[in-house]
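Trainee: I would like to learn how to read a few features of a protein model. Please begin with the terms and then turn to the case.

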Amino acid sequence: MLVLAIESSCDETAAAVVEGGRRVLSSIVASQHDLHGPFGGVVPELASRRHLSMITQVCEKALEEAGIGPGDLSAVAATRGPGLIGALLVGYSFGKAYAAARGIPFAGVNHLIAHVHTAFFSEPPPELPFVALLASGGHTALYRVDSETQMELMGQTRDDAAGEAFDKAAKAMGLGYPGGPELARLADKGEPGAVAFPRSWLGPGSLDFSFSGVKTALTRHLALHPEWDESFLANAAASFQEAVCEVMAKKALEAARGTGVGRLAVVGGVAANLRLREMVADLCRREGISLHVPPVGLCGDNAVMVASVAHSLLREGLVSVPCEDVFSKVEPD
């Protein structure tokens, strides 16, 4: 099965051709960082317009790099949500039209399930069931993954997502955009215990997250020390990163331990953070839990993960019909 997949939930226009759900023939990601950088964050209307200008050429390039033509495709897939509605409409509408023109099936894919599917590209991939920590710019949640198309929510953030907290912290410190990677680079030069930022555990047994408190603590710390030098900012960045990653790592381990499955995956854009990877790997080694983290290139938004989910949906006969729109079926089962 050859699937052309499209991802346009936020500020990347992505397309990929994947064979059999796992063999990646091409993966194209057109970033919009240059467009949104001056604003310090994604401007939804600008993102939608850039998707409109890029979607055709990105899909054509994906087919070209895969060495196939439109007539070779078995199906088309696109992200249906959650995400920025205008951005989603571009990729989803294009995908539906492309499939209809070729007379082949179309699958609308949940963005969160797609991120979880990147775990299947880790070495080795996890056996089912497993627990997944999904940490990205818009979502931070823990799931028990029972099949390739079904997962159960175990806990989620009550306010900011982890990636959002990193981006806002970076903006408060005057760093570049996107803020998360910039903060991580600066944190490498600092001491993670230099500032005693709080950790929000939300009570015994809670698998929910909250990052608004540590973000407020950072803002106050910056305000109390108006003269910043590189050492001060590096220590603040390292301490902030340590607080956020420690909560995610320990709650993920608690979820994996509590379910008894013995397998944990870390996915989403924040899974590219090296400190988070180190923390989770250390805790998993102590507990004898197998850890599965996808390649860094698949942590952020991409279309390979959309194709992987689509393959599973189509095998189960779960085809989207032409009348379905991007507002339908955005929550994972």
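Mentor: Buried means under 20% relative accessible area, exposed means over 50%, and partly exposed is in between, with a 1.4 Å probe and protein chains only. Helices (H or I, at least four residues) and strands (E, at least two) are DSSP runs, numbered from the N terminus. This is a predicted model, in which local features need pLDDT of at least 70, side-chain atom pairs count only at pLDDT 80 or more, and totals for chains, interfaces and linings use all residues. Residues are numbered from 1 along each chain as its sequence is written, and side-chain values use heavy atoms, with hydrogens and water left out.

Trainee: Which residues are buried in helix H6?

Mentor: H6 spans residues 179–187, and its buried residues are Gly179, Gly180, Leu183, Ala184, Leu186 and Ala187. They cover an arc of only 165° around the axis, so they sit on the same side of H6. The arc is that of the directions from the helix axis to the C-beta atoms. H5 and H8 are included in what covers these buried residues, where contact means heavy atoms within 4.5 Å.

Trainee: Gly179 is in that list. Which residue's C-alpha is separated from that of Gly179 by 9.7 Å?

Mentor: That residue is Gly37, which is 142 residues apart from Gly179 along the chain. Gly37 belongs to the loop between helix H1 (33–36) and helix H2 (44–66). With a relative accessible area of 28%, Gly37 is partly exposed.

Trainee: How many residues does helix H7 have, and what span is expected?

Mentor: The expected span of a helix is 1.5 Å times one less than its number of residues. H7 (residues 212–224) has 13 residues and reaches 19 Å from its first C-alpha to its last, close to the expected 18 Å. Val214, Lys215, Leu218, His221 and Leu222 are buried in H7. Their arc around the axis is only 120°, which puts them on the same side of H7. The buried residues pack against helix H5 (162–172) and helix H8 (230–259). Turned away from that buried side is a face with the exposed residues Arg220, Ala223 and Leu224.

Trainee: Is Ser122 buried or exposed?

Mentor: Ser122 is buried, at a relative accessible area of 3%. This residue lies in the loop between helix H4 (111–117) and strand S6 (130–135). A polar contact is a pair of N or O atoms within 3.5 Å; within protein, one must be able to donate a hydrogen and the other to accept it, and residues adjacent in sequence count only if both atoms are side-chain atoms. A polar atom of the Ser122 side chain lies 2.5 Å from the backbone oxygen of Ala119, and the side chain of Ser122 also reaches the backbone oxygen of Pro124 at 3.3 Å. Leaving out residues up to four places away in sequence, Ser122 touches His292, Val293 and Pro294.
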